[in-house]
Amino acid sequence: MISPDAILPLAAAHALRGGERLAAGDAPGAETAFQLALQSDPCNVFALANLAWMREQEGWFEEAESYYLRALAQTPDDVHLLQNLGALLMRLRRPLEAERLMRRVLALAPELPSAWSNLGALLASLQRETQAERCHRHAIELDGDYANARYNLAYLLLRQGRLPEGWRMLEARPQPTAFGDYFRFPRWHGEALAGKAILICPEAGMGDMLLLCRYVAVLRQLGAVRVSILCHAPLQALLQTLVDVDTVLAIGAAIPAEGWDYWAPILSLPGLCGTTLDTIPSSAAYLRAQTLAVQDWAGRLPPARLRVGLAWKGNAQFENDEARSLASLDALAPLAAVDGIQFVSLQKGAGENDVSTAITLAAGGAALGDMADTAALIANLDLVISVDTAVVHLAGALGKPCWLLLPDYLPDWRWFSGRLDTPWYPAMRLLRQPAIGGWAPLISHVAEELALWRQQHL
């Protein structure tokens, strides 16, 4: 029988073991150890805090909050726990509670850069941008190398169209190190490109590549004699239609470790090329659908006078996907009230098998192959309506008229603030969610606009 004096050391031993297993990537082993620690000592803060973090990573937010509160009941002034709970409440869209916790952290640790940056991120999400900027700049004053504050400030500056400083701050973003470790030629930092060969490397999602592959032409104008792209495999065939590109390589294929003078991550190109709001490289279309594929989709679609493509979900792993994506196809049901339009699914991945009794979709969705295939389908459409996902960038890059549905909560900086158009894509229209009311009033407005559009195009 274990004596009372042994209970707390036993709990500490289990908690220590849980920390070791978690650090080793053994989540089930860590879970078991932490739960054993709590069986011995229900107030073990280390076990509670780690279980809270684990539940948050798993998406079990309510359980995570419960563990955080149990831990804070033991150590109410623990700055780390308060910050974590504040960030969780922000994810749960409980901003008033989150702000209260974040200001409490600042009262306890006013010289902590992360506390100022976290509050700035919250204020930015509430569109209190002047206050948010002050917070981020104060965090940078406290620690000039604090990357999170610089990265968060980049979002604000870029969203406001203050691009030169925004691009500089964007360099604080988390960046892949594998390219620099693998290639035997240096990263490009703006050196003269006359007579040089450069390889563009991917970052983030496919939408970023579709948006910024236009910089191939800019690098040519700067004197590069050879410009290549390394991209996500589903983009390879499509990006080969770029006029100025030499080679398009797919991630996962054998890539030479040398053969270029420089490599550059794609998100760094606008800043390195000196892009301002007035000099965004824009053209009606810089990617093309392949003729045979366009003809193939034309034969697979039912006859129709007007076709409108729909996409309603993005990648669920995206940090703000809950805000930018629609819950299901049913959310677009009001569009079905507009007669004389054939709706076509452009949804690939999450949601591609959604069905609705209110709105009927023609072929697309799961039948789509790579992005070149999606481009061929879009070429057969008259209009694309989509949430903020790669589909809108594809439609824009093809020069296809597109209506982009944007959330009010943390819309992407690429669409700037307050605009109903975008200098990135001349044929695109931005339709923004109202501050209060969610998607329903916006979709109703889109249905009204679609009825007017139909009258103009029949």
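Let me begin with the elements: helices (H or I, at least four residues) and strands (E, at least two) are DSSP runs, numbered from the N terminus. With that in place, phenylalanine 318 sits in the loop between β5 (307-311) and α17 (321-324). Please keep in mind that this is a predicted model, in which local features need pLDDT of at least 70 and side-chain atom pairs count only at pLDDT 80 or more, while totals for chains, interfaces and linings use all residues. Residues are numbered from 1 along each chain as its sequence is written, and side-chain values use heavy atoms, with hydrogens and water left out.

Is phenylalanine 318 buried, partly exposed or exposed? Its relative accessible area is 34%, so it counts as partly exposed, given that buried means under 20%, exposed over 50%, and partly exposed in between, with a 1.4 Å probe and protein chains only. Leaving aside residues up to four places away in sequence, phenylalanine 318 touches Arg324 and Asp412, where contact means heavy atoms within 4.5 Å. Phenylalanine 318 and alanine 204 are 114 residues apart in sequence, and their C-alpha atoms are 9.5 Å apart in space.

Serine 386, which belongs to strand β8 (residues 383-387), is buried, because its relative accessibility is 0%. Again not counting residues up to four places away in sequence, serine 386 touches Ala311, Val391, Val392, Trp403, Leu404 and Leu405.

Now to the sheet, where two strands pair if DSSP finds at least two bridges between them. Four strands form an open sheet in the order β3-β2-β1-β4, with parallel pairing. Why is one side of β3 (247-250) and of β4 (262-265) left without a neighbour in the sheet? Both stand at the edges, and each has a single partner strand, so there is no neighbour on one side. Strand β2 (residues 226-231) pairs with β3 in the parallel sense over four bridges, and isoleucine 229 stands opposite valine 248 in β3.

At least two lining residues come from each of α5 (79-91), α7 (113-125) and α17.
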